[in-house]
Amino acid sequence: MWDEKRHSLVLETELKKKEKVIRNRNIIVWGTGDGGELVYKILIKHKKNINAFVDKKAKT
């Protein structure tokens with residue numbers, strides 16, 4: 001079952017741990033479903049530069 005609050009907390013924690021590595025790098029988000037959307041929201045909240053989205057179901 002999808003628990004957005006729990007996943008959000010985990011992502012926020014991991015982002016803080018990896019802040020030194022991420023810094024101002026461009027970021028590619030893999031997946032555009034619920035998880036990808038949550039990652040997007042958290043990265044935007046932390047003013048990270050999302051460069052692209054990749055999804056295996058994407059159409060050209």
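The side chains of K48 and E19 meet in a salt bridge with an N to O distance of 2.6 Å, the term standing for a side-chain nitrogen of Lys or Arg within 4 Å of a carboxyl oxygen of Asp or Glu. K48 sits in the loop between α3 and β2 (49-54) and E19 in helix α2 (residues 19-22), so this pair ties together parts 29 residues apart in sequence. Helices here are DSSP runs of H or I with at least four residues, strands are runs of E with at least two, and both are numbered from the N terminus. K48 is buried at 11% relative accessible area, while E19 is partly exposed at 33%; buried means under 20%, exposed over 50% and partly exposed in between (1.4 Å probe, protein chains only).

A quick note on the basis: this is a predicted model, where local features need pLDDT of at least 70, side-chain atom pairs count only at pLDDT 80 or more, and totals for chains, interfaces and linings use all residues. Residues are numbered from 1 along each chain as its sequence is written, and side-chain values use heavy atoms, with hydrogens and water left out.

In total, the structure holds five salt bridges. One of them joins K45 and E12 at 3.1 Å, N to O. With K45 in helix α3 and E12 in helix α1, the pair ties together parts 33 residues apart in sequence. K45 is exposed, at 56% relative accessibility, whereas E12 is buried at 12%.

K18 and E14 also pair up, at 3.3 Å from N to O. Both ends are partly exposed: K18 has 42% relative accessibility and E14 has 30%. E14 and K18 belong, along with K17, to a network of salt bridges.

As for helix packing, the axes of α1 (residues 4-17) and α3 come within 10 Å and cross at roughly 45 degrees. That makes α1 oblique to α3, given that angles under 35 degrees count as roughly parallel, over 145 as roughly antiparallel, 65 to 115 as roughly perpendicular and the rest as oblique. Axes are lines fitted to C-alpha atoms, for helices over the stretch in contact, with angles running from 0 to 180 degrees between N-to-C directions.

Helix α3 (residues 34-45) also carries Y40, which is partly exposed at 37% relative accessibility. Y40, I44 and F53 make a nonpolar surface patch of about 280 Å². Patches take residues with over 30% relative accessible area and no salt bridge, joining like charges within 9 Å and nonpolar side chains (Val, Leu, Ile, Met, Phe, Trp, Tyr) within 5 Å. Accessible areas come from the Shrake-Rupley method with a 1.4 Å probe, and for residues only the protein chains shown count as cover.
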